[in-house]
Amino acid sequence: MNIPKADIVLGDETVLRYDVEFDAKRFIRETKFELLRRFDVAKAFVKSRDMMLREVEAIRAKHDAELTVIPQVEYHEIVKGAVEEPFRDLVRRRGCVIVKGVFDRIQVSEWNHEIGEYIDRNDYLTAANKKKDLDKYFSGLEDANPQIFSLYWSRPQIMARQAESMATTKRFLNRLYNISGPMGPEFDPENDFAYADRIRRRQPGDTTLGLSPHMDSGSYERWCDPAYQAIYRLIYEGDIQGFDPWKAAFRTQTREYASPSVCSMFRTFQGWTALTPQGPGDGTLSLLPIAKSISYFLLRALQEDVAEDDLCGALPGRALGASPEWHNEILEGLISIPIVEPGDTVWWHPDVIHSVANEHQGDDYANVIYVGASPVCAKNEAYARRQAYAFQVGRSAPDFAAEDYEVNFEGRATVDDLTELGRRQLHIS
Ligand SMILES: [Fe+2]
């Protein structure tokens, strides 16, 4: 299927790169042909579109009336077991949730300060300037101060990942899924592996970090990969009502095109922890809070006005973008998160469209630590093994460009900083 063209090295692994243009176009054409042969996608799209337009209208009406759209819950309510089923259903419908107060505000402010010191003490900016040519995939940041720092192993990141309150939050989130699969449970909702991601420190006035609306965890794969086809089968059959984004079966079996912008772990939720207060206008996150948006995406690309070798622009190794050309009518539902405080966490389902505002118009840094929910399963264990080595020697996490700044950084977290839980999460015995 894929034709290897050149090797690229990521972390301690060598990954094959493919001839994207040739390979993807042929593969997309063949997949579309097959899907169009098997399903009445025009009829299915009418149903999906109706559902989406109704949801977008409801979101807009609430948002304009300044009512809460993105569900929010206090962490202590989760600990008490006081979260009611209607709230869980709302999260399932919206595909996102803000869990407030997962960490103590003062603790988090200290972490924010400590990360700043870690960056300064080790002169990150000089090191980054020397190595920036290596990181070609994120080269949009070349001429500006970095807003995303390729740091994975600072002490505060380790503390956030291995915190008991984080583990409790993730269990709550993982349990929103129906984990039963054809070969037994798809994943273990009670335990997770750490996925080492980076840090965002966004300066007031920054205009370099905008991300247009997109979905992660696969782009053309969502149509072409056999596991994704199984996950989305009811959508193609036109049963939008019956399609359940929280049915985990096959979700850990998907195979994504290897590239530095693609996450190798299965995440039940993407997420981050706020280190500073941030909200509308602060160059932070917007979400299209509809868990079933993927039905619109899949079916839109199969309509007659889209070329036979095109999936509304979806290509290997890129995020799946929502564009004004193809998806304009649903993008009105994209809304900013409300103001969150240090220690609050924001979470969204892997099928949820999100974006980052082009400009940070606020007065203070908008800083976050990226921490998603990546439960124990075979796919995540395989990655955790590779990641454990990177942690021990301070290299960049294997999914990211091999900048390896922290190899010689003073104050980097070590095995001695890990709790029992932290060791398990990092697959270190
Ligand atoms: Fe994203």
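The legends below describe close-up views of a predicted model. Residues are numbered from 1 along each chain as its sequence is written. Because the model is predicted, local features need pLDDT of at least 70 and side-chain atom pairs count only at pLDDT 80 or more, while totals for chains, interfaces and linings use all residues.

**View 1. Strand S9 and its two partners.** Strand S9 (residues 199-202) is joined by 4 bridges to strand S17 (residues 366-370), the two running antiparallel, and Arg200 stands opposite Val368 in S17. S5 and S9 also run antiparallel, joined by 2 bridges, with Ile199 in S9 as the bridge partner of Phe149. Both faces of S9 are covered, Ile199 and Arg201 being buried on one side and Arg200 and Arg202 on the other; a residue is buried if 20 or more other C-beta atoms lie within 10 Å of its own, exposed if 12 or fewer, and partly exposed in between, with C-beta atoms placed from the backbone.

**View 2. Packing of helices H5 and H7.** Helix H5 (residues 105-121) packs against H7 at an angle of about 145°, with the axes 8 Å apart; axes are lines fitted to C-alpha atoms over the stretch in contact, and angles run from 0 to 180 degrees between N-to-C directions. Trp111, Glu114 and Ile115 in H5 meet Arg155, Pro156 and Met159 in H7, contact requiring C-beta atoms, placed from the backbone, within 7 Å.

**View 3. Helix H8 and its cover.** The buried residues of helix H8 (residues 164-174) are Met166, Thr169, Lys170, Phe172, Leu173 and Asn174. Their cover includes helix H3 (75-79), helix H7 (155-162), strand S4 (96-100), strand S8 (188-192), strand S15 (345-348) and strand S18 (375-376).

**View 4. Surroundings of Ile235.** Not counting residues up to four places away in sequence, Ile235 touches Ala44, Ile240, Phe243, Ser295, Leu298 and Leu299.

Technical notes
Contact = placed C-beta atoms within 7 Å. Pairing = 2+ DSSP bridges.
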